[in-house]
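Student: I should like to work through this structure by asking about individual residues and then about the chain as a whole. May we begin?

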Amino acid sequence: MGLSSDNVHGLILAVSSSAFIGSSFIIKKKGLKKAGTTGVRAGSGGHTYLYEPLWWAGMISMILGEIANFAAYAFAPAILVTPLGALSIIVSAVLAHFVLEEKLHIFGVLGCVLCMVGSTSIVLNAPQESPIHSVKEVWHHATQPGFIVYTVFILFLIGVLIFYFVPRYGKTHLIVYVGICSLMGSLTVMSVKAVGIALKLTFSGSNQFKAYETWVFAVILTVCCLFQINYLNKALDTFNTAVVSPVYYVMFTIFTILASVIMYKDYESQNASQIVTELCGFITILAGTFLLHRTRDMGNDPPKEPIFQSPQVSEAPSSPLPISRR
């Protein structure tokens, strides 16, 4: 099954988003390093980076990436757009290797390849969405019994996590904060898609902002974003970013795809072979993502002394071996 024109547009926007977001981390880090040489570093509480053009270039790149990601959901199903977020990790890792001289370990290269293979599998088997001509159609999908049950269940789980688990285990168990972000994130994406479709139709001449449903989705989007950002900040402030990022990506992607499948019934246009191939592609991306994060600092480690040496080597005068430039 070939890609529809909307899926192609969504694919281009999603890949562009990953390129902008992935490069933004590198540009901002270059700006932070440069600002740190003339003032107090950001890690020590300084804000001299605000006067550094490179840091602002990175921020602009990130904003452009988020706009492209927002637009991608208006054209393509979440099952296509969301997993492609892993490509930003590849862009960031590759640019860090060449620009920041943060060496990419061989297993990191393997992680990049796995992400590319998984992304290709998902793209080639992405479902075709039925055309949506008004935001009222999106509202109809959102008010179906299946998605209402999903929403109520998600809100119940979030309530339990916030009022019972956060006070007891929030500071010690990563899954609590990340779980809240991921569960709320699935509702955020459904709202983003609704508002994105409303904007797309409005720009094409059919004003959707006359309908109250558009404003309801906009309010839901704002509330969900605030909750998500709040608890993601708590997770990043409490736990290691290298652990938070892959776990959040996995959980967020799983719940987003689940919400999309329930709301839009993407699977109805697919056969069993395509669904299984998409699942395999998704699992491949997850494996690549974890491998990238697990080994991202290994390329910068100094070479360790060999455990076993021959007597001839141990008796020879020591001479430093050339090591890769850091």
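Student: Leaving aside neighbours within four places in sequence, with which residues is Phe-147 in contact?
Tutor: This is a predicted model, and in it Phe-147 belongs to helix α7, residues 145-169. Beyond its neighbours within four places in sequence, the contacts of Phe-147 are His-141, Ala-142, Leu-187, Met-190, Ala-259, Ile-262 and Met-263.

Student: Where is Ser-191 placed, and is Ser-191 buried or exposed?
Tutor: Ser-191 sits in helix α8. Residues up to four places away aside, Ser-191 touches Phe-217, Ile-220 and Leu-221. Its relative accessible area is 4%, so Ser-191 is buried.

Student: Does the end-to-end distance of helix α9 agree or disagree with the span its 27 residues should have?
Tutor: Helix α9 covers residues 212-238, and its buried residues include Phe-217, Leu-221 and Ala-235. At 1.5 Å a residue, the helix should span 39 Å. The end C-alpha atoms of α9 are 40 Å apart, so the two values agree.

Student: What is the relative accessible area of Gly-111?
Tutor: Gly-111 lies in helix α5, residues 106-124, and is in contact with Gly-288, Leu-291 and Leu-292 once neighbours within four places in sequence are left aside. Gly-111 and Leu-286 are 175 residues apart in sequence, yet 9.3 Å apart from C-alpha to C-alpha. Gly-111 is buried, and its relative accessible area is 0%.

Student: Which residues lie closest to the centre of the largest pocket?
Tutor: The largest pocket has a volume of about 2,100 Å³. It is lined by 50 residues, and the closest to its centre are Ile-21, Phe-25, Met-62, Glu-66 and Ser-88.

Student: Which element gives the largest share of the lining of the largest pocket?
Tutor: The elements that give two or more residues to this lining are α1, α2, α4, α8, α9, α10 and α11. By class, the lining has 29 nonpolar, 14 polar and seven charged residues. The largest share, 10 residues, comes from α1.

Student: How many helices and strands has the protein chain, and what percentage of its residues count as buried?
Tutor: The protein chain has 12 helices and zero strands. Among its contacts with a separation of 6 or more, 83% are between residues 24 or more positions apart. Of the 326 residues of the chain, the share that count as buried is 43%.

Technical notes: Residues numbered from 1 in each chain as written. Predicted model: local features only at pLDDT ≥ 70, side-chain atom pairs only at ≥ 80, totals over all residues. Heavy atoms only, no water. Helix = DSSP H or I, 4+ residues; strand = E, 2+ residues; numbered from the N terminus. Expected span 1.5 Å × (residues − 1). Buried < 20%, exposed > 50% of the residue type's maximum accessible area, 1.4 Å probe, protein only. 1 Å grid on protein atoms, 1.4 Å probe; cavity = no way out; pocket = protein on both sides within 12 Å on 5 of 7 lines; lining within 4 Å. Points joined across faces, edges and corners; volume = space filled by probe spheres on them. Nonpolar A, V, L, I, M, F, W, Y, C, P; charged D, E, K, R; others polar. Contact = heavy atoms within 4.5 Å.
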